[in-house]
Amino acid sequence: MAATDAVFSAAIAQFYDRHFGPPLFGPYAEDIAPRLAGLSSGALLEVAAGTGIVTAVLAQSLPAAVVITATDLNHPMLDFAATKPGLDRVIWQQADAMNLPFPDASFDAVVCQFGVMFFPDRSRGHAEARRVLKPGGRYIFNVWDKLASNPIMETVHRTVADLYPERPPGFIGRTPCGYHDPDSIRRDLKAGGFNGCTIETVAAAWSPASPRDPAIAFCQGSPLRAEIEAVDPDGPARATEAAAAAIVVYLSGRSPVFPTQALVVEATG
């Protein structure tokens, strides 16, 4: 993993939420929330909360007796999330998933939506989740499936790589779509102290406002931006145009609805 893969600046946070946001992440947040329907009280920790997409769904669906703490490594993401309406009940705290600042056995559930892929040491991240879970507590996270199962991501990935063949940016394939092997996930969870897990494939669709939105989202609203800028300081705009054109070709006149697929993992502490 590149050093910039988990870095989300204030500028990226705004692009990220506007152009990814609920249209991409919302269906998967709606999938996670019912899995916690039995949680009527206690404490829930969200790791790598980003701009609060799943946080908002959990805040709406869980009883007030459940205390929700949402964390992220990048303070600009939390600052942006905290401005959203309806999230006053949430405790926002900057935290590194590799070294969570909470005592052992503090939470009844730990949730992570599309964040585990960014962990520099996934076994250690799982171990931290296991440490802060109460006995019998639940650990739920989702990760993107492989590039081939997420064609819009594959289209942007290949277009940007072809744009800079001498130093092809590989962020999308390396990180967002880089942790999809069930055997690897099970091994990492076992190394982190979990005895078993269930892994379920969940399909959804991304319907952005325009074909251009995914190009802006990835090239300007994700760590891919920094990887492009390292090769070409003016590259994000150039890459956005190339990716947008490739998306139009991919759609071939169809409306901008893109199939997506993720893996949802559940383990018990």
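Reply: What follows goes through the salt bridges and the setting of their residues.

This is a predicted model, in which local features need pLDDT of at least 70 and side-chain atom pairs count only at pLDDT 80 or more, while totals for chains, interfaces and linings use all residues. Residues are numbered from 1 along each chain as its sequence is written, and side-chain values use heavy atoms, with hydrogens and water left out.

A search of the whole structure finds 13 salt bridges, each being a side-chain nitrogen of Lys or Arg within 4 Å of a carboxyl oxygen of Asp or Glu. One network of such bridges links D31, R35, R138, E200 and E266. D31 belongs to helix α2 (residues 21–32), helices being DSSP runs of H or I with at least four residues, numbered from the N terminus. D31 counts as buried because its relative accessibility is 18%, where buried means under 20% relative accessible area, exposed over 50%, and partly exposed in between (1.4 Å probe, protein chains only). Beyond its neighbours within four places in sequence, D31 is in contact with V202 and V264, contact meaning heavy atoms within 4.5 Å.

Elsewhere, the side chains of E128 and R131 form a salt bridge of 2.9 Å, N to O; these two residues are 3 apart in helix α5 (residues 122–132), and therefore separated by about one helical turn. E128 is buried at 11%, whereas R131 is partly exposed at 24%. In the salt bridge between D145 and K146, the closest N and O atoms are 3.9 Å apart; D145 is buried at 6%, and K146 is partly exposed at 37%.
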